[in-house]
Amino acid sequence: MHHPTFATPDLTTFCRLDELGLEAIGQLIEPDRAVLECRVVDDDPWCRKCGAEGVPRDTVTRPLAHEPFGHRPTTLLVRVRRYRCGHCRRTWRQDTTNAAAPRAKISRGGVGWALKAIVVDHLTVSRAAAGLGVSWHTANTAILAEGKRRLIDDPARFDGVTTIGVDEHVWRHTRFGDKYVTVIIDLTPARNKTGPARLLDMVEGRSKAVFKQWLAARPKEWSKQIEVVAMDGFSGFKTAASEELPDAVPVMDPFHVVRLAGDALAWIVSPSGDFAG
């Protein structure tokens, strides 16, 4: 029989506020929302200009959307202390960069939750925005910036890649036509059965030139280690791969094989169930 050891309930730990350098000091729970009153844990009394120790002047609040709990949007009402230097008369606020980026409306925990919700749980930006209690534009801007920081700004993401996949994706529907991006995936972990595939890059547009330019921009040493390129039936991707990765083997990924087979079967068989010819 198991004998678990319980600790005293701690709202700060439960809501992962300690990871943001915050401490919960109050709560307001309503049926459709929750507000957690917080304070910044670390003092910040030293003047940025002259280095002298300042004195507390007053306190301001900074609202931040946070990851939802209990299917209700959760807002952090962060109380930020302001200081004033008696030597140079400069004023400043406590450092809250651990909690959120400067001028951000969503906490780092909230942005991480939204990014995971979209990438792992396949939620839409609209659903993520509703969970955070912010507008679509606010959520979309924050999620794209966080995705770029974690993916595009990480130069090590190309290390150990031997199998890639390429496909197009409609990211926006407009009255003047759909907007496409070319998506490049690292399939090495899936091929080696060491983990799931992961996103390498997204490039605006879909054409042979787009994929060819992306491949040409990669280092020669990286291109030489690519063994397999999985793609759909678009000849432009195949031509670009053969020109830039002549030693790689082009294959059609299983998803598109099944889809093409289904399209072919739908063409052969008429709606009545009879063969078309």
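Guide: Let us begin with a definition: buried means under 20% relative accessible area, exposed means over 50%, and partly exposed lies in between. The model before you is predicted.

Visitor: What makes glutamate 244 partly exposed?

Guide: Glutamate 244 has a relative accessible area of 23%.

Visitor: Why is proline 196 called exposed?

Guide: The relative accessibility of proline 196 is 67%. The cut-off for exposed is over 50%, and therefore proline 196 counts as exposed. Proline 196 is placed in the loop between helix H5 and strand E8.

Visitor: Why does threonine 138 count as buried?

Guide: Threonine 138 has 18% relative accessibility. Buried requires a value under 20%, so threonine 138 belongs to that class. Threonine 138 is part of helix H4 (residues 136-152). Setting aside neighbours within four places in sequence, threonine 138 is in contact with Lys105 and Ile106.

Visitor: How do you know that arginine 157 and aspartate 201 meet in a salt bridge?

Guide: The N to O value for their side chains is 3.6 Å. A salt bridge needs a side-chain nitrogen of Lys or Arg within 4 Å of a carboxyl oxygen of Asp or Glu, so this pair qualifies. Arginine 157 lies in the loop between H4 and strand E6, and aspartate 201 lies in strand E8, so the pair ties together parts that are 44 residues apart in sequence. Arginine 157 is buried at 7% relative accessibility, and aspartate 201 is buried at 12%. The structure holds 13 salt bridges.

Visitor: What makes Lys208, Lys212, Glu243 and Glu244 one network?

Guide: Lysine 212 forms a salt bridge with glutamate 243, with the closest N and O atoms 2.8 Å apart. Lysine 212 also forms a salt bridge with glutamate 244, again with the closest N and O atoms 2.8 Å apart. Lysine 212 lies in helix H6 and glutamate 244 in helix H8, so this pair ties together parts that are 32 residues apart in sequence. Salt bridges that share partners join Lys208, Lys212, Glu243 and Glu244 into one network.

Visitor: How do you know that the buried residues of H8 line one face of the helix?

Guide: In H8, the buried residues are Gly236, Phe237, Ala240 and Ala241. Seen down the axis of H8, these buried residues fall within an arc of 130 degrees, so they line one face. An α-helix has 3.6 residues a turn, so residues three or four places apart point the same way.

Visitor: How do you know that the span of helix H2 agrees with what it should be?

Guide: Helix H2 covers residues 108-119, which makes twelve residues. At 1.5 Å a residue, H2 should span 16 Å. The end C-alpha atoms of H2 are 16 Å apart, so the two values agree.

Visitor: What makes strands E3 and E4 a pair?

Guide: Pairing needs at least two bridges between the strands. Strand E3 (residues 55-69) and strand E4 (residues 72-84) have twelve bridges, so they pair, and the sense is antiparallel. Aspartate 58 stands opposite arginine 82 in E4. The hairpin of E3 and E4 has two residues between the strands, and glycine 70 there takes a positive phi near 65 degrees.

Technical notes
Residues are numbered from 1 along each chain as its sequence is written. This is a predicted model: local features need pLDDT of at least 70, side-chain atom pairs count only at pLDDT 80 or more; totals for chains, interfaces and linings use all residues. Side-chain values use heavy atoms; hydrogens and water are left out. Helices (H or I, at least four residues) and strands (E, at least two) are DSSP runs, numbered from the N terminus. Buried means under 20% relative accessible area, exposed over 50%, partly exposed in between (1.4 Å probe, protein chains only). The expected span of a helix is 1.5 Å times one less than its number of residues. The arc is that of the directions from the helix axis to the C-beta atoms. Contact means heavy atoms within 4.5 Å.
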